[in-house]
Amino acid sequence: SIERFFEAAAGYVVIPTVGKGGIGIGGARGKGLLYEGGVVTGAVTLTQLTIGFQWGGQAYSEFIFFEDDIALSDFKRGNYELGAQASAVAVTAGASADANYSSGVAVFTQAKGGLMYEASVGGQKFKVEMKEEE
């Protein structure tokens, strides 16, 4: 289940609400937090521009897990982008059992209502603002 990712990941991002919509050309945006060792270490902004068949609008939550420090520091470096082939696992009862890391990253989405035919995460860009060390 998704709990094992929260327990074992080097770090993870939680974006409570990603708003997405469009007819033909669409976009998505959301803000969330980066956690390392259960502590918030940064603010994350997600943006995505999508072109292709899509219709409707939707809101969903997104969770991104980093398998190790290499994947995590790559994300923290700044302008991180998920590849075009990146896919997310929908969080439903028991659907995440076969989820695994791809290039050190695992992405989950959880629908919050709304209808949309396409829920691809490919091409999502992330801006990370690390908290100042105290």
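**View 1. Glu 62, a buried acidic side chain without a salt bridge.** Glu 62 is buried yet takes part in no salt bridge, and the nearest side chain of opposite charge, that of Lys 20, is 7.8 Å away, whereas a salt bridge requires a side-chain nitrogen of Lys or Arg within 4 Å of a carboxyl oxygen. The residue is found in strand β2, and its side chain is joined to that of Gln 124 by a polar contact of 3.1 Å. The model shown here and in the other views is predicted.

**View 2. Ile 64, a buried residue of strand β2.** Ile 64 lies in strand β2 and counts as buried because its relative accessibility is 1%, where buried means under 20%. Between Ile 64 and Phe 108 the C-alpha to C-alpha distance is 6.5 Å, although the two are 44 residues apart in sequence.

**View 3. A nonpolar surface patch that includes Ile 51.** Ile 51 has its place in strand β2, which covers residues 39-66, and is exposed, with a relative accessible area of 69%. Together with Ile 25 and Leu 49, Ile 51 forms a nonpolar patch on the surface, and the accessible area of these residues together is about 370 Å².

**View 4. Confidence of the prediction along the protein.** The mean pLDDT of the protein is 84, with 85% of its residues reaching 70 or more. Confidence is highest in helix α2 (residues 69-76), at a mean of 95, and lowest in strand β5 (residues 105-116), at a mean of 77.

Note on methods. Residues numbered from 1 in each chain as written. Predicted model: local features only at pLDDT ≥ 70, side-chain atom pairs only at ≥ 80, totals over all residues. Heavy atoms only, no water. Patch = residues over 30% accessible without salt bridge, like charges linked within 9 Å, V, L, I, M, F, W, Y side chains within 5 Å. Areas by Shrake-Rupley, 256 points an atom, 1.4 Å probe, with all protein chains shown as cover. Helix = DSSP H or I, 4+ residues; strand = E, 2+ residues; numbered from the N terminus. Buried < 20%, exposed > 50% of the residue type's maximum accessible area, 1.4 Å probe, protein only. pLDDT = per-residue confidence, 0-100. Lys, Arg positive; Asp, Glu negative; His and termini not counted. Polar contact = N/O pair within 3.5 Å; in protein donor to acceptor, adjacent residues only side chain to side chain.
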